[in-house]
Amino acid sequence: MRASTTTKGLMRANRLWVIGSLAPVVVLLVALTIWPVINVAILSLSSLEWSDGKADLSFVGLANFIELFTDQPVYWAGVRNNIIFAVAAVSCQMVLGFFMALSVQRASKIGRGVLTAIYLLPIVIPPIVIGAMWRLLLGSDFGIVNNILGFIGLGPFDWLGSARLALPSVIAVDIWHWTPFVFLLMLTGLESLDQEVFEAARIDVLNGWQELRHITIPLMLPTILITVAFRLILSFKVFDEVFLLTAGGPGTATEVINFSIYRVFFGQDNVGLGSAMSFLTLFSVAFIAILANAVVRRWRRNKEVHA
């Protein structure tokens, strides 16, 4: 009886210690993450005016969302461009990152070090340097890209000033910048695979293509799915490359969601409409994240059932 009472007392003390140690983290998470989202939701239903240095907040209901859906074609052009940007950039990054990781995994010890250093170089360059560097490379008059194409009788092309070429140019820069990130995740996934499976495959005289198709890709699928979901979410946060290279132009050719929000918030000082844009974007990206997580979980469950 006494032993049982002592055990219950220890369990209660342990529970209190767990709650007490986690409470500061929970409070900090609410303060830094959830409260800003609630604040954006409140502002999206309000109109903010400044009078004598003081903020005058008035409730306007769904007026900001109605304006967003009926009178903001630039934002929707940004949504369309962002979808094109995400699909094109992430697809290329996945393919390039996967084969770059394969090349490093199969290289010699010295080759691994050299290739890894070369592949990772773009991701360590600051965004402002990337913007300046690529503006010089893609310049229509003195850009190196046009100079090289000129040797084979092509161009010159206005890579950043043409409505037809501006978005593909920004996508190309993003692919160059973020493929090393995909490469790192793919290399980590490849290094974690069970090498005995590959040795058994070689005994069965599978050639390189068969090994890739029937062994490597199926085993890498969880890593690939998570990386795709991660990069898709991050691609909707693109801003610096667009801001530095084209500023959303020409026209709405390279307009993206974050640039629209930036312009409405800080250019037009329309906090209510900017908050409505932010809230809708946040909701959409969260939906993509939940959907991607559900797809990965379902794939794993089906795999366990059929294993």
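Colleague: Leaving aside its neighbours within four places in sequence, which residues is Thr281 in contact with?

Modeller: In this predicted model, Thr281 is in contact with Tyr75, Ile257 and Ile261. Thr281 itself is placed in helix 12, residues 271-306.

Colleague: Why does Thr281 count as buried?

Modeller: Its relative accessibility is 10%, and buried means under 20%; Thr281 therefore counts as buried. Two of its contacts, Ile257 and Ile261, are likewise buried, and they belong to helix 11, residues 257-267. Phe259, Ser260 and Val264 of helix 11 are buried too.

Colleague: Why is Ala13 called partly exposed?

Modeller: Ala13, in helix 1 (residues 2-44), has a relative accessibility of 43%. Buried would need a value under 20% and exposed one over 50%, so Ala13 counts as partly exposed.

Colleague: What separates the C-alpha atoms of Ala13 and Leu193?

Modeller: A distance of 43 Å separates them, and the two residues are 180 residues apart along the chain.

Colleague: Why are helix 3 and helix 7 described as oblique to each other?

Modeller: The axes of helix 3 (residues 73-105) and helix 7 (residues 166-191) cross at roughly 40 degrees. Roughly parallel requires an angle under 35 degrees, and roughly perpendicular one of 65 to 115; the pair is therefore oblique. The axes come within 6 Å, and the crossing is right-handed. By class, the contact of helix 3 with helix 7 has 22 nonpolar, 5 polar and 2 charged residues.

Methods. Residues numbered from 1 in each chain as written. Predicted model: local features only at pLDDT ≥ 70, side-chain atom pairs only at ≥ 80, totals over all residues. Heavy atoms only, no water. Buried < 20%, exposed > 50% of the residue type's maximum accessible area, 1.4 Å probe, protein only. Helix = DSSP H or I, 4+ residues; strand = E, 2+ residues; numbered from the N terminus. Contact = heavy atoms within 4.5 Å. Axes fitted to C-alpha atoms, helices over the stretch in contact; angles between N-to-C directions. Parallel < 35°, antiparallel > 145°, perpendicular 65-115°, else oblique. Left-handed = near helix turned anticlockwise from the far one by under 90°. Nonpolar A, V, L, I, M, F, W, Y, C, P; charged D, E, K, R; others polar.
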